[in-house]
Amino acid sequence: MFGMDCPSCGLTRAFISISHGQFMRAWHFNPASFLVYAFVASQIPWRLFQLARIRRGRLPYFSPWLMTFPATAMGALIVQWIFRVLLAD
């Protein structure tokens with residue numbers, strides 16, 4: 001609509017490239033994809049850990065620090081997008 005890419009443009013292609021071991025290609029698509037990929041991949045063991053705690057009758061683990069990783073990944077997406085917008089011309 002505005003004639004520019006969004007912060008997450010290329011993320012799907014970067015995820016596919018990372019999964020195939022093509023790291024330079026993933027960097028080309030979206031440099032922040034490595035952090036976002038790590039965040040998404042970490043969700044499976046994290047959710048299994050939380051389910052195991054609940055099944056043992058314990059409360060899910062929570063810490064304010066848990067928001068650091070997704071916030072960092074989101075910040076990286078925005079920072080790389082700003083650089084791409086500024087350096088596009």
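**Reading burial along a helix**

Analyst: Let us begin with a single residue in this predicted model. L51 has a relative accessible area of 46%, so it counts as partly exposed, a class that lies between buried, under 20%, and exposed, over 50%. L51 belongs to helix 3.

User: Is L86 buried or exposed?

Analyst: L86 is exposed, because its relative accessible area is 63% and the cut-off for exposed is over 50%. This residue is located in helix 4.

User: How many residues does helix 4 have, and what distance does it reach?

Analyst: Helix 4 covers residues 68–87, which makes 20 residues. From its first C-alpha to its last, helix 4 reaches 28 Å, close to the 28 Å expected at 1.5 Å a residue.

User: Which residues of helix 4 are buried?

Analyst: They are P70, A73, L77 and Q80. These residues are on the same side of helix 4, because they cover an arc of only 95° around the axis. On the other side of helix 4, the exposed residues are F83, L86 and L87.

User: Against which helices do the buried residues of helix 4 pack?

Analyst: The buried residues of helix 4 pack against helix 1 (11–19) and helix 3 (33–55).

User: Which residues make the nonpolar surface patch?

Analyst: The patch, of about 720 Å², is made by M74, I78, V79, I82, F83, L86 and L87.

User: How far apart are L51 and M74 in sequence and in space?

Analyst: In sequence, L51 and M74 are 23 residues apart; in space, they are 26 Å apart, C-alpha to C-alpha.

Technical notes. Residues numbered from 1 in each chain as written. Predicted model: local features only at pLDDT ≥ 70, side-chain atom pairs only at ≥ 80, totals over all residues. Heavy atoms only, no water. Helix = DSSP H or I, 4+ residues; strand = E, 2+ residues; numbered from the N terminus. Expected span 1.5 Å × (residues − 1). Buried < 20%, exposed > 50% of the residue type's maximum accessible area, 1.4 Å probe, protein only. Arc of directions from axis to C-beta. Contact = heavy atoms within 4.5 Å. Patch = residues over 30% accessible without salt bridge, like charges linked within 9 Å, V, L, I, M, F, W, Y side chains within 5 Å. Areas by Shrake-Rupley, 256 points an atom, 1.4 Å probe, with all protein chains shown as cover. Salt bridge = Lys/Arg side-chain N within 4 Å of Asp/Glu carboxyl O.
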